[in-house]
Amino acid sequence: MNTTVVEQRPETDVAAREIRERVGIADLIFRGITRTSGITVLTIMSLVGLFLAYRASEALRAQGFKFLTDQAWEPDSRNFGIAAILFGTFLIALVAITVAVPLAIGTALYISEYAPRRSKQLLISLVDLMAAVPSIVYGLWGLFLLQGRVTGISRWLTTYFGWIPFLHVDGFDKADPLAGPAGTLTSSTFIAGIVVGLMVTPIATSVMREVFSQAPAGEREGALALGATKWGMIRSVVLPFGKGGIIGGTMLGLGRALGETITVYLIISPVFSVQPHILETGASSIAATIAGKYGAASAFGTSALFAAGLALFLVTLVVNFVAASIVAKSRSGAVSDA
Amino acid sequence: MPEITDPEKLFAPRADGLSTTVVPPIPSDAPATRARSISGLRRSDLLALGGSALAALSIVTLLFTQIAPLSGPIGFVLLTYVIFLVLYALLVSFDESGPVVRDRVVAAVVHSLAFLLLSALVVIVAFTAYRGLKALVHINFYTQDLTNAGPLDPLSVGGISHAIVGTLIEISIALAIVIPLGITCAVFLNEIPGTFARFVRTIAEAMTALPSIVAGLFIYATLILILGLPKSGFAAALAISVMMLPIIIRAADVVLRLVPGSLKEASLALGTGQWRTVWHVTLPTARSGLMTAVILGAARGIGETSPVLITAGYTASMNTNPFSGPMVSLPLAAFNLVGNPQITSIQRAFGAAMTLLVVVLVLFVIARIIGGRGPGNLTKRQVQRRAKESERDAKRFSQLADTTTRSSST
C-alpha cells in the first residue's frame with residue numbers, strides 16, 4: 001500500500017510575490033476610449049427611452065388612465081387611447097405567431113434532423129436571407145399577391161365557422177357572399193397576420209434550429225439504439241430538450257411581430273375601435289397608427305403618438321426580455337447536461 | 001504479422017516491465033464485410049408516397065370538377081394535401097406498425113413545412129422580380145429621377161436614380177457612425193468586463209427590441225421638433241444608426257467572445273499590452289465575423305422603411321446633399337410609389353423594391369463568402385502571408401542572434 005508523504009519544507013520566506021499591474025499610457029488611452037464608447041452607447045439608448053417618456057408625458061398627463069381604456073384616436077378633441085390599437089397589435093401578432101410557429105418548428109426540425117448534411121449550410125443561409133428581405137417587399141407581396149388569394153379562405157372560414165365569435169364577419173351573407181359591403185374580407189387582421197407571420201418565421205426558425213442541434217448526441221443515439229423511430233427520438237429527446245428554444249424563438253418572433261410597421265400599414269385599413277373579428281375588413285396596430293398619423297399631427301397629437309410609441313416599446317421590451325432569458329436558460333442547461 | 005493464438009500472449013509482459021499492445025489478428029477466412037447502407041429508403045416507401053399523392057390529386061380533381069361546387073387554387077392544394085396525408089398513413093399502415101406510421105407521417109409533414117417556407121421565399125423574390133420587370137428593363141430607370149415623370153408618364157421616362165443615390169448616402173453615413181461606435185463598444189464589453197459592461201450589454205440587448213418606427217420617432221422628436229432641423233438624409237441616416245447600433249453591438253459582441261482566450265493569453269504572456277493585443281490579435285482573428293456582423297446589419301438598415309418614412313421626407317428629384325432638403329431611399333420610394341393607383345407607378349414601386357432586394361442579396365452573399373469561416377480559419381492567401389511573415393521573423397531573429405554572439409565574443 002502506498003501512502004503519500006509530504007516532505008516537510010524548512011520554514012523560509014516564501015510569501016507570495018506582490019504582482020503589480022503596470023498599465024502603460026497606450027493601454028490607459030485604449031481603456032479610456034472604449035469606456036467612452038460604452039458610455040456613449042448607453043447615453044444614446046437612455047436618451048431614446050427618456051425622450052419617448054418626456055414627449056409622451058404631455059399626452060399621458062392630459063388623458064390619465066383613460067389612455068389605456070379609450071378606443072378612439074382623436075387627440076385634438078382630447079379623445080384618444082390605446083385600447084383599440086394595442087388590442088389590434090396583439091391580434092395581428094397572435095395570427096402571425098399562429099402561422100409562424102408550426103412553420104418555424106417544421107423548418108427547424110427539417111434543417112437539424114432531416115436535411116442531408118451537405119445542404120444544411122445552404123438551408124441555414126436561405127432562412128437567414130429570408131430574415132433579411134426588406135419589409136416593403138413583404139408588404140408589396142402581401143398586398144398584390146396574397147390578398148386576392150386569401151379572401152377565398154376567409155370566405156370559406158366565415159361561411160362554415162362564422163359561429164365562432166372571432167371568425168364572424170358583420171354583414172356577410174352566406175347565401176350571397178357578394179351582397180355585403182364591398183370588400184368585406186380584404187385588408188383584414190387575418191391577411192396582415194399571415195404576411196407578418198411569414199416575416200417573423202425565419203427569426204423563430206434560427207433560434208429553434210440552434211437549440212435543436214444542441215440536443216446531446218448521446219441521448220439521441222440512446223433513443224435510436226432502444227429502437228425508437230426518428231420521430232420517437234425527436235419527441236423524446238430533441239423536443240423536450242429544445243422546449244426553451246421553441247418558447248424563446250416564439251417570443252422573439254412575437255416581439256418582432258408587435259413592432260412591424262410598413263407591411264401592416266400597407267395591408268390594413270385602420271379602424272379605431274376594438275375589432276375582434278379577424279376576417280373582417282379593418283384592423284389596427286400601434287406602429288401603423290404612428291406611420292399613418294405623424295404627418296398631419298398637431299403638437300399634442302404628436303405627443304399622443306409618442307405615448308403610443310412608448311407603450312409599444314414597453315410591450316416589446318418585456319416580450320424580448322422574457323424571450324432572451326428563456327433562450328439563455330435553455331442554453332445554459334445545454335452546457336450542464338452535456 | 002505473427003500469428004498469435006494464445007490469448008494470454010496478447011498482453012504478454014515484456015522483460016522491461018512495460019507491455020506492448022498487440023492487435024488481434026483478423027482470421028484469414030473471414031467474409032469480406034461491406035458497410036451496410038442505413039438510409040432506410042426502400043422502393044415500397046417511394047411507391048407509397050407517389051401512390052398516395054397521385055390518389056389524392058385524382059380524388060380532389062374529381063371533387064372539384066364533378067361532385068362538389070368547390071373552387072380556388074389554395075383550397076385545392078390544401079384539400080389535396082390533407083387527403084394525401086390520410087392516404088399515406090393508410091398505405092403505410094398496411095405493412096408497418098403504429099410508431100412507424102406516425103414517424104412517416106411526421107416526416108412528410110416536416111418536409112412539407114420546410115418546403116412551404118422556402119417556396120414562400122422563392123415566390124416573394126420571383127413575384128417582385130416579375131412585377132418589377134417592366135420597369136427594370138428600361139435603362140433610364142437607373143439613370144434618371146422622377147422630376148419629369150408623373151404617375152401617368154410611361155416607364156421610358158424617369159427612374160429611381162435619386163433613390164439609389166439616397167440609399168447609398170444614408171447607409172454610408174449610418175455605417176460611418178455605427179461601425180466605429182458599435183465595434184469599440186463590443187470591444188469594451190469583452191475587454192473591460194465588470195458591472196458597468198454588464199449593464200451596457202443588458203441595455204444594448206434591450207434596445208434590439210426597439211421597434212424601428214420608434215427609432216424614427218426619436219430622431220423626429222430630437223432633431224426635427226426640438227432642434228428645428230428640416231427633414232433630411234442626415235436625419236434618416238441617424239434614425240437608421242439608432243436602429244442598427246444595438247444589432248451590430250450584439251453581433252460583434254458574440255463574435256469577439258468566440259476569439260480563443262489562449263490566443264489572447266499567449267500575446268499577453270509575450271509582454272504585449274492590452275491595446276496591442278486587441279489590435280494585433282483579437283480584432284484580426286475576429287475580422288471575418290465582424291465583417292459579417294456589419295454587412296448583415298447594413299442589410300437590415302438598408303431595408304428599413306419606417307424610420308426613414310418619418311425622418312427623410314419625400315422628393316421626386318435627385319438630392320445629393322444629406323444636410324438639406326428631403327432625400328429619398330429605395331424602400332421609401334417603393335412605399336410612396338405604391339400609394340398611387342396608376343399602373344406605371346406601381347410597376348416603378350416593384351422595380352424599386354426589386355432593386356433593393358438585389359442590393360440586400362448582394363450584401364448577403366458577400367457576408368456569406370467572408371463569414372463562412374470561424375475565427376482562426378484562414379484563406380489560402382492568408383496562410384501564405386503568415387508563412388512569409390514568420391519566415392521574415394525567423395531571419396530577423398537569426399541575424400539578431402548572430403550580431404549578439406559576435407558582439408559578445410569581441
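Tutor: A residue counts as buried under 20% relative accessible area, exposed over 50%, and partly exposed in between. This is a predicted model.

Student: Where does that put B:Tyr81, then: buried, partly exposed or exposed?

Tutor: B:Tyr81 has a relative accessible area of 30%, so it is partly exposed.

Student: And B:Phe84?

Tutor: B:Phe84 is buried, at 13%. B:Tyr81 and B:Phe84 are 3 residues apart in helix H3 (residues 73–95) of chain B, so about one helical turn separates them.

Student: What about A:Phe51 and A:Tyr54, buried or exposed?

Tutor: One of each. A:Phe51 is buried at 18%, whereas A:Tyr54 is exposed at 56%.

Student: How many aromatic pairs are there over all chains?

Tutor: The search finds 16. One of them is A:Phe51 with A:Tyr54: the ring centres are 6.3 Å apart and the planes stand at 85 degrees, so the pair is edge-to-face.

Student: Which residues do ring pairs link into a cluster?

Tutor: A:Phe67, A:Trp73, A:Phe80 and A:Phe300.

Student: Switching to the interface. How much area do chain B and chain A bury between them?

Tutor: About 7,000 Å², with 83% of it on carbon and sulfur atoms. By class, the side of chain B that touches chain A has 60 nonpolar, 11 polar and 7 charged residues.

Student: How many salt bridges between chain B and chain A?

Tutor: The count is 0. There are 7 residue pairs in polar contact across that interface.

Student: Which helix of chain B gives the most to that side?

Tutor: Helix H4 (residues 98–136), with 20 residues.

Note on methods: Residues numbered from 1 in each chain as written. Chains lettered and ligands numbered in written order. Predicted model: local features only at pLDDT ≥ 70, side-chain atom pairs only at ≥ 80, totals over all residues. Heavy atoms only, no water. Buried area = accessible area lost by both parts, 1.4 Å probe. Salt bridge = Lys/Arg side-chain N within 4 Å of Asp/Glu carboxyl O. Polar contact = N/O pair within 3.5 Å; in protein donor to acceptor, adjacent residues only side chain to side chain. Helix = DSSP H or I, 4+ residues; strand = E, 2+ residues; numbered from the N terminus. Nonpolar A, V, L, I, M, F, W, Y, C, P; charged D, E, K, R; others polar. Phe/Tyr/Trp six-rings, centres within 6.5 Å; stacked < 30°, edge-to-face > 60°. Buried < 20%, exposed > 50% of the residue type's maximum accessible area, 1.4 Å probe, protein only.
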